[in-house]
Amino acid sequence: PWAFMTGNCIGWVTYSYLIDNLFLFFANAPGLILSVWLNMAAAKLQYTDRISKDMRRSFVQLLDANRKSFRISNTERGGGGGRVLGGE
């Protein structure tokens, strides 16, 4: 329904411009702005779940690709020797 509202407002604003009627233009211009805003908000809500899943997946892939840089050595834990955990 919001897409029809935007089309209707575009039609009335275009018509008011063509017949050079400022009263008609200023009566429908706020509706056009509001309908565009509502359409953008609806599109954001529609794709929020998919975008959040993609962001989580890419963050996990980033951490997985850089997991070697997150290793903690014995010297950082307070142990001696300076060897990396699991190393020889």
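User: Is the crossing of helix 1 and helix 2 left-handed or right-handed?

Analyst: In this predicted model, helix 1 and helix 2 cross in a left-handed sense. The residues that make the contact come from both elements. Helix 1 contributes Trp 2, Ala 3, Met 5, Thr 6, Cys 9, Ile 10, Trp 12, Val 13, Tyr 15 and Ser 16. Helix 2 contributes Leu 24, Phe 25, Asn 28, Ala 29, Gly 31, Leu 32, Ser 35, Val 36, Leu 38, Asn 39 and Ala 42.

User: How many residues of the contact of helix 1 with helix 2 are nonpolar, polar and charged?

Analyst: The contact of helix 1 with helix 2 has 15 nonpolar and 6 polar residues, and no charged ones.

User: At what angle do the axes of helix 1 and helix 2 cross, and within what distance do they come?

Analyst: The axes cross at roughly 155 degrees and come within 8 Å. Helix 2 spans residues 22-65, and helix 1 spans residues 2-18.

User: Why are helix 1 and helix 2 described as roughly antiparallel?

Analyst: The general idea is to compare the angle with a cut-off: angles over 145 degrees count as roughly antiparallel. The axes here cross at roughly 155 degrees, and the two helices are therefore roughly antiparallel to each other.

User: What pattern of elements does the protein chain follow along the sequence?

Analyst: The protein chain follows the pattern α-α-α, with 3 helices and 0 strands.

User: How much of the protein chain counts as buried?

Analyst: Of the 88 residues of the protein chain, 10% count as buried. For individual residues, the cut-off for buried is under 20% relative accessible area. Ser 35 is therefore buried, since its relative accessible area is 0%. Thr 6, at 12% relative accessibility, counts as buried too.

User: Where are Ser 35 and Thr 6 found, and what joins their side chains?

Analyst: Ser 35 is found in helix 2, whereas Thr 6 is found in helix 1. Their side chains are joined by a polar contact of 3.3 Å.

User: Which residues do Thr 6 and Ser 35 touch, not counting residues up to four places away in sequence?

Analyst: With that exclusion, Thr 6 touches Leu 32, Ser 35, Val 36 and Asn 39. Under the same exclusion, Ser 35 touches Met 5, Thr 6 and Cys 9.

User: Is Leu 32 buried, partly exposed or exposed?

Analyst: The middle class lies between the cut-offs of 20% and 50% relative accessible area. Leu 32 has a relative accessible area of 22% and is therefore partly exposed. Leu 32 lies in helix 2 and touches Thr 6, Cys 9, Ile 10 and Val 13, not counting residues up to four places away in sequence.

User: What share of the contacts between residues at least 6 apart in sequence join residues at least 24 apart?

Analyst: In the protein chain, that share is 32%.

User: What is the phi of Asp 20, and where does this residue lie?

Analyst: Most residues other than glycine have a negative phi. Asp 20 is not a glycine, yet has a positive phi of about 60 degrees. Asp 20 lies in the loop between helix 1 and helix 2, and counts as exposed at 64% relative accessibility.

Key
Residues numbered from 1 in each chain as written. Predicted model: local features only at pLDDT ≥ 70, side-chain atom pairs only at ≥ 80, totals over all residues. Heavy atoms only, no water. Helix = DSSP H or I, 4+ residues; strand = E, 2+ residues; numbered from the N terminus. Axes fitted to C-alpha atoms, helices over the stretch in contact; angles between N-to-C directions. Parallel < 35°, antiparallel > 145°, perpendicular 65-115°, else oblique. Left-handed = near helix turned anticlockwise from the far one by under 90°. Contact = heavy atoms within 4.5 Å. Nonpolar A, V, L, I, M, F, W, Y, C, P; charged D, E, K, R; others polar. Buried < 20%, exposed > 50% of the residue type's maximum accessible area, 1.4 Å probe, protein only. Polar contact = N/O pair within 3.5 Å; in protein donor to acceptor, adjacent residues only side chain to side chain.
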